[in-house]
Amino acid sequence: MSVYAELQAASNYSFLRGASHPQELIERAAALGHHAIAITDRNSLAGVVRAHIAARENVAAHEKGAMRLIPGARLDLTASLAVQDEYSGPSFLCLPTDRAAYGRLSSLLTIGKRRAPKGQCWITLEDVLRHARGQILIALPPAPSALQDEFKCEAAFAAMLEGFAAAAGKMSVPCYLAAHHLCRGDDARRLVRFEAIAQRCGTPLVATNDVHAHDPSRRALQDVLTCIREHCTIDSAGWRLQANAERHLKSGAEMARLFARHGDAVARSIEIADACRFSLDELRYEYPADPISGGRTPQEELARLSWLGAAARWPGGVPDKVRAQINHELELIGTLGYAPYFLTVHDIVCFARRRSILCQGRGSAANSAVCYCLTITAVDPNRMDLLFERFVSAARDEPPDIDVDFEHERREEVIQYIYKKYGREHAGIAATVISYRSRSAVREVGKALGLSGDVVGALSSALRRWGRSDNSGEDDIDDPVREAGLDPTDRRLALALHLTRELIGFPRHLSQHVGGFVITRGPLSEMVPVMNAAMVERTNIEWDKDDLDALGILKIDVLALGMLSCIRKSLGLLAEEHGWNLELADVPAEDPVVYDMLCKADTVGVFQIESRAQMSMLPRLKPRTFYDLVIEVAIVRPGPIQGDMVHPYLRRRNGEEQAVFPSAELEQVLGKTLGVPLFQEQAMKIAIVAAGFTPEEADKLRRAMATFRRSGLVHTFHDKMINGMVARGYDEEFAERCFRQIEGFGDYGFPESHAASFALLVYVSAWLKCHYPAIFAAAILNSQPMGFYAPAQLVRDARAHGVLVLDVDVNSSAWDCSLEVSEKSHKGRALRLGFREIKGFPEVAAARIVAARGGGYRTLADLHRHADLSKAVLERLARADAFRSMGLSRRKAAWEIRALNDVPLPLFATLVDGREEGEHEAKYESGVDLPKMRLGEQVVEDYATLRLSLRCHPVQLLRPELTPRGIVRAEQLVNLKPERRVSVAGLVLMRQRPGTAKGVIFATLEDESGSANVIIWSDVFERFRNVVIAARLLVCTGRLQREGLVIHIIAQQLEDLSHRLDGLVDLGRADGPPASPAELPVISRDFH
Amino acid sequence: MRRVISLWLPRFATDRLSRRQSDWRAEPLVTVCDGGDLDGGGRGGGAVMRVAAANRAAETAAGIAPGLPLADARARLLGLCTMPAEGQADREALAALADWCGRWTPWVALDATGPNATGDATGEPETLIGASHGLWLDVTGCAHLFGGETALVNDLLHRLAHFGFAARATLADTPGAAWAISRYGGGKHRAGAKQGNEVEPSVRKNGRVIAPGKNRAALAKLPLKGLRLGASETKGLERLGFRAIGDLYGIPRGALARRFGDGVMQRLDQALGRADEPLSPRRPVAAQRVRQDFAEPIASREAIAATVQRLLNELEGLLELAGKGARQLELSLYRGDGKVERLMVGTSAPVRAPAHLMRLFADSLDEVDAGFGFDSVTLAASQTQALALTQLALSAAAATETTPTPTTTTPESQNLFEQVGAEEDDGEVARLIDRLSGRLGLRNVRRLALFPSHEPELAVISPVAQSSTTAQAPTAAPPNPAPINTVRLQPSHWPAGRQRPLRLLPRPEAVEAIAMVPDDPPVMFRWRRILHRVVKADGPERIAAEWWHAEGAAPLGGAADSIRDYYRVEDERGRRFWLYRDALYRSGMTPGWWLHGLFG
């Protein structure tokens, strides 16, 4: 029979104080046979849900005599609001006895957090009293390390407690005094003194152990946390550290022994624990009901809106299949009571449409007929062949999940709308727990142990390498450490590594989720504390999305997507230029010309399928229908790749292999994808139908993959799944592949519904690019930064598609890239680059140039005066060569600008208008002959200011020296014989080392004719390490590999020619000193 | 005609380190520093370690150059040897080198500038990255002493090479021209310059001698950077297409000045000798400095002591006039054969009194090697601090009051004075410490201080007693218990509730004790063969060993082994002891009992 309940335990959600995860505390307390454990983090409830989950699992495992969790908090009070210091006042444990009291505790914390800056909480004694009803309050003795005189501070404490207990007593709030026995030498005497205080104040003593760790072995980590918190090293921390490790979970027997002379103090812990009946399971989440006109129920309203929408979507009458689907879905929604949730999403989407903010929903529930009717998504369920009958599961009480993507530049408007509509009392953004990862952990631990930044850097890289290796056991780290030039047997280093690995995964602070909104009917703050976010005008709650999931709380993800901005801008330009008003769903479907383009992998700028991996997949997959795009989006993901599903699918699709199904039950699951599991839900479904998992287990399996990649849990699932499938007569190898795929999904799951939503954006962006390349290029340039390619490649691609691209010019450009009528260009529209392409150009200056342009600027002085531009801005324009319409070259413009006065005298200026111009002419024309700029210099300057050049590709300038070396152009590769040895040279556009490719590096090189794909095996990489990492201009010699349209070069030799790029300024120059290194910048996407 | 050498030491930082450890010369070696200032963005957070200087091996092997993030450098070259960049040490070494160059000319000026080598370091934050190290030697009228200009340059380079310093030297009419040519006149452009016959054929590889009046031609093809302009000016000019210094020769002065101010013209004129550029000699001159020359060298100790006494008296007057007291004195004794003997003394409080200062010198005068005698003696107050005029007796406390600067007394020394007690004794103690330190050596006179540690043995340390700013010897800090220099000693209060005997036994002594398990105090114990029966006891105070200490400490996780439980006990005769049990009781293990101290 348990004799003790631990009522004071700080988890690592008491940031930089607690040294154990909530789960560890729960598991240990349960193992010790405690009656209950209270998780009492400092001014926070952030860790209670995790503890709750652990406790729930523990109950499931041990059924009888299970230990209970008491969610609570330790309140560290501020002496007064004027002091504004979290820790200047006394501290109490606050344990709510019921749901209402829990709500008051949460509100109390909300008040404290909302009035303090992010990460702090200011609560006073009065605040506590105001929220005390239903709580059990346990006063904590003043901190033992306080430097004041012990007796004096105890007297002050007793006085405070007496007053407080009297006030609390009037409200019949039970008040206790915590007694600690921490082996400080004077414990016996202290306990006697506190017994006296307890008697005087009427606050009975209750034993707690001020738990900061589940096990004494965490002492070192706890000391390091203290150092991190105090910004000191372990050597200088001194008395800020604890003298011993007594603050860990101790057994009931041990506690009874320590408090032998105060026996009732231990017994009292049980009494208090029994009084606290609240469990987080009681947080019955209620979705807010928007007021509905006409007295309809939410369900009626949803049905009404759905049918209304259906009528609009299918003006010619709703197809029967769809009608049945809608009925089915509405029924399911009605059963589960999710109608208000759908209405909320509908409302948000309607708001966005009113503001013409483009948006699209995705998520398991999004691709339903209802969502299509409510215009939440634009994926026609008819077109999708209605695969999603399982869009919400009735069996598992899984909340529906709709994420809505908005244009990335305008999402904030939507967020503020939600705050405004529901109020901050009912809406808040979920938290994201920022945890220590290997890099941050090693840095902090290293600093605390006094290691130099140098050593920490080396350790960090060693850890990275260790983390990448396949079987990273405890001891395998020695080699990487040695490689980094360090001695792994050095004690400090060994300690640092050990502690780093302990610290990894510890929560560091709370941040806000990118856009997960929680909306409640009752006050949000009575469910979970709400705090200020770092961003102004934002508030977020203390729980993250896993916590919310565990408690079944609905959230709506309001996310940002760059491609939506691009599409909206494209559609806007389309309406402007060609008078064609389109919406996402109206874009002509299944256009064969678009699919022709996709089959050629001509997809620079197209959503999702523009990456190199996608591009090499397209010619193999040859998409011809919308569903092919859905597959295309889903197949190039870690899941299918790791599971080795890609090639079987391609073979079957190309008819090289029969689509066979391991069993009839799996044919149901895998029929659409030719027997190969490609989507997340298919993999889960296999676990269910083929391995006999319950849906819950399947989901747990996926989560286990994501969170505990290296823990033993995965192995139990592995065995269970393989055995289950083999037992049901499946091939063991097939089972292994399925499991590996789930492993991949764990990190980057891509369910079919997401793929479908994305596929629509793929199609729309491809359609725009195919038919209106100038419009598409302008829109995507104006939505930067987004996507995979830099402006240089986007512009280059547009030109390759017949679009005339015009330079930035003060007399023609606006901030954004714009379209000009031109016969020479595709569809009669040329693309004029905007001032936004000039690096570091201020947007306001662009606005002034446009506003004051009138009939155009004739001279520099004109521009200077009328547009009121500073010299620095003018110089930037000169560097970008934006004065050509005035007949000024870069250098002439710069020369003249140097002579301008920064502040012209307006009166004087107008008087001598003509004369002043003449004066300038005389100065630069007759006086000085500036050296003429050669092409190489121009290109370097173009790249320096615009990151691109319309004049010439840098590699083309070097071609005369490349050709004699046998280096071919990228466009020639297609005509060369496979397997032969070739050399190409190009700017490095990207270097990638995908986790799925075992150390292989993929690099893309760009020359004047196109781009070439290079594959660098790890042994070649090790030989040419420096070259691969540092080169901007790379020469690659290797074996040509071709499969249809997909061409790779398997690198054998690599050479860094970057210095020739920097030498471009001197190209064609006979004598004189070299220019100071003008580095030609190459933007490369590296190692993502 | 003025003749100036510009000496450039392109790899000074790494060469200096290689002198200390010669096998580094062939290994790739870099110095690294906090690169926070590289972008001029001040010292914000998230600074990256960057390469400050790289030796030839590092550069040729992997193209590692100053400014490269350390992580990148490591990625390029596994096994790269790194050392922290030490700007101060570099500066000191360069200064020493400058002094050494005094053998050719007394007029040596430092030329140590940042990466852009702009010459005017105004405004730009100092950075160690790519720091440039050079010297100017004004050798006007000196060359004939060394066999001509070429011979002088060769001699200079030869000796530097012998020391292991890569160096380039140019002798020209102006500091500016010499600077530009030594830095940018090498490589392929050298050949071009040769055609003009400015170069004497016999000059060493890295040396150049520009004949008088040939500046203009020698500079014409050199890059603009050779003008020591600000980075923005150089860039501005380059942007207009000007590359070489000669490109500017034909530009009208007015047009250039209107656009770039006078700075560009000024530098150009200086390089071409159209404007003067003074060089300031290196050694800073102490404000309070006295000197005595002797026609006949002195060698006896008495004579030297008398001289020092005389100079101290003289110096006192100067210091008094300035309202200062000396914190550090430098006595230089110049020997006839060119060797210089230097004696330094430091004080823990500003002092003027000759008698006190004399005592500080007295002990070390014996060690002076007079050789054939000194012909000149200087005494300089190289560090001073305000000291009130009226003061007659020395009092550290009074000095503290009169000086606003916080360096006078650090908390430790205050602590010391508190322990000593009476205030009027402070000066006595300070003087005593000075004398003892002077006689016994700085590191041999120590005092006791608290150190914040839970482990009783580590909670008291003995830092150097004379803790003045001048006393920080560059030797290594004591290894145990912690690098003291890095630890800020707070005004040490003992944490509440920790009761310790005033003195601990030198080392704990084993006792036999009988106690109840697991953690009751002993009932009786036997120490030095006498049995003590415990009548009163308090405890345990559980102290865990400091796990981060090196060898012998318990491994992580083995918590029970590294714990001591301390008890205060009183025996039947009222004697109080402090003893501890070495570990917790566990099955099969009987921890030992130790007596660690006595109360009262």
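Guide: Let us begin with Ala550(A), whose place is in helix α20, residues 545-551 of chain A, where helices (H or I, at least four residues) and strands (E, at least two) are DSSP runs numbered from the N terminus. The model is a predicted one, in which local features need pLDDT of at least 70 and side-chain atom pairs count only at pLDDT 80 or more, while totals for chains, interfaces and linings use all residues. Residues are numbered from 1 along each chain as its sequence is written, chains are lettered from A and ligands numbered from 1 in the order in which they are written, and side-chain values use heavy atoms, with hydrogens and water left out.

With a relative accessible area of 22%, Ala550(A) is partly exposed; buried means under 20%, exposed over 50%, and partly exposed in between (1.4 Å probe, protein chains only). Leaving aside residues up to four places away in sequence, Ala550(A) touches Val49(A), Ile53(A) and Arg56(A), contact meaning heavy atoms within 4.5 Å. Ile53(A) lies 497 residues from Ala550(A) along the chain, yet their C-alpha atoms are separated by 7.2 Å.

From these contacts we can turn to the charged pairs. A salt bridge is a side-chain nitrogen of Lys or Arg within 4 Å of a carboxyl oxygen of Asp or Glu, and by this rule the count over all chains comes to 90. One of them joins Arg296(A) to Glu301(A), with the closest N and O atoms 2.9 Å apart; Arg296(A) is partly exposed at a relative accessible area of 29%, whereas Glu301(A), at 10%, counts as buried.

Another salt bridge is formed by Asp942(A) and Arg890(A), whose closest N and O atoms are 2.5 Å apart. This pair links distant parts of the chain, since Asp942(A) is in helix α41 (residues 935-946) and Arg890(A) is in helix α38 (residues 890-899), 52 residues apart. Asp942(A) is buried at 3%, and Arg890(A) counts as buried at 4%.

Asp1007(A) and Arg959(A) also form a salt bridge, the closest N and O atoms being 3.4 Å apart. Here Asp1007(A) is in the loop between β20 (1001-1006) and β21 (1011-1016) of chain A, and Arg959(A), 48 residues apart from it, is in helix α42 (residues 954-962) of chain A. Asp1007(A) is buried, with a relative accessible area of 2%, and Arg959(A) counts as buried at 9%.

Finally, Glu246(A), Lys250(A), Glu254(A), Arg257(A), Asp519(B), Arg542(B), Asp565(B) and Arg581(B) are linked in a network of salt bridges.
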